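Hello,

Here is the structure I promised to pass on. Please have a look at it first, then read my notes below.

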Amino acid sequence: MKHSFFVVVVMSVILSLANAQMTVPSDSIGLAEGEGMGLAMYAEQNGYPGPKHVLELKDKLGLTPDQLKKTQALMEGTKLSARAKGEEIIEAEQELYNAFKAGNINEKKVQEMSTKIGKLRGELRAVHLKAHVRMKHILNPPQIELYKSLRAHEN
């Protein structure tokens, strides 16, 4: 229920921005929803499970009640942090767009604003990568091996 409401709010914001002839980054929906968008691919490819996929595979992995509780908490915390960082990115991208639109831009501002956006995107990536590192400490080695096998068959 919370997710559906959030999606409606995000879509309303995006549509209102579009109607105001503004722009948002092409990945704004994923940013606003706290999605991974492949940002933790290096972790996933090297045996660091992600909480989202662990929850999807919880029965096959045989998670204990404690593991399930910790994984759910990790997932919720990661989503919350990623959504907040995503909103910062969307706002910074909008500021850059607005500076160009207003003709109030120069090379120095481009550098500063682009660096800010790059820093925010790096921080977002760290949120997702750290979740994978933490997840590896929740599962036991046989579960990690099973996870890798199950995920290899999905891809």
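**What I found**

The largest nonpolar core holds 14 residues. A nonpolar core is a set of buried Ala, Val, Leu, Ile, Met, Phe, Trp, Tyr and Cys residues joined through side-chain atoms within 4.5 Å. Buried means under 20% relative accessible area, with a 1.4 Å probe and protein chains only. Leu31, Ile89 and Leu124 have the most contacts inside this core. Helix H2 (28–33), helix H6 (65–102) and helix H7 (107–138) each give it two or more residues. H6 supplies the largest share, six residues. Apart from this core lies another, of twelve residues, including Val54, Ala131, Met135 and Ile138.

This is a predicted model: local features need pLDDT of at least 70, side-chain atom pairs count only at pLDDT 80 or more, and totals for chains, interfaces and linings use all residues. Residues are numbered from 1 along each chain as its sequence is written, and side-chain values use heavy atoms, with hydrogens and water left out.

Now the whole chain. The protein chain has eight helices and zero strands. Both are DSSP runs, numbered from the N terminus: helices are H or I, at least four residues, and strands are E, at least two. Of its 155 residues, 34% count as buried.

One more residue to check: Gln143, in helix H8 (residues 141–154). Is Gln143 buried or exposed? Gln143 is buried, as its relative accessible area is 6%. Leaving aside neighbours within four places in sequence, Gln143 is in contact (heavy atoms within 4.5 Å) with Leu61, Gly62, Leu63 and Gln67.

Best wishes

Key:
Buried < 20%, exposed > 50% of the residue type's maximum accessible area, 1.4 Å probe, protein only.
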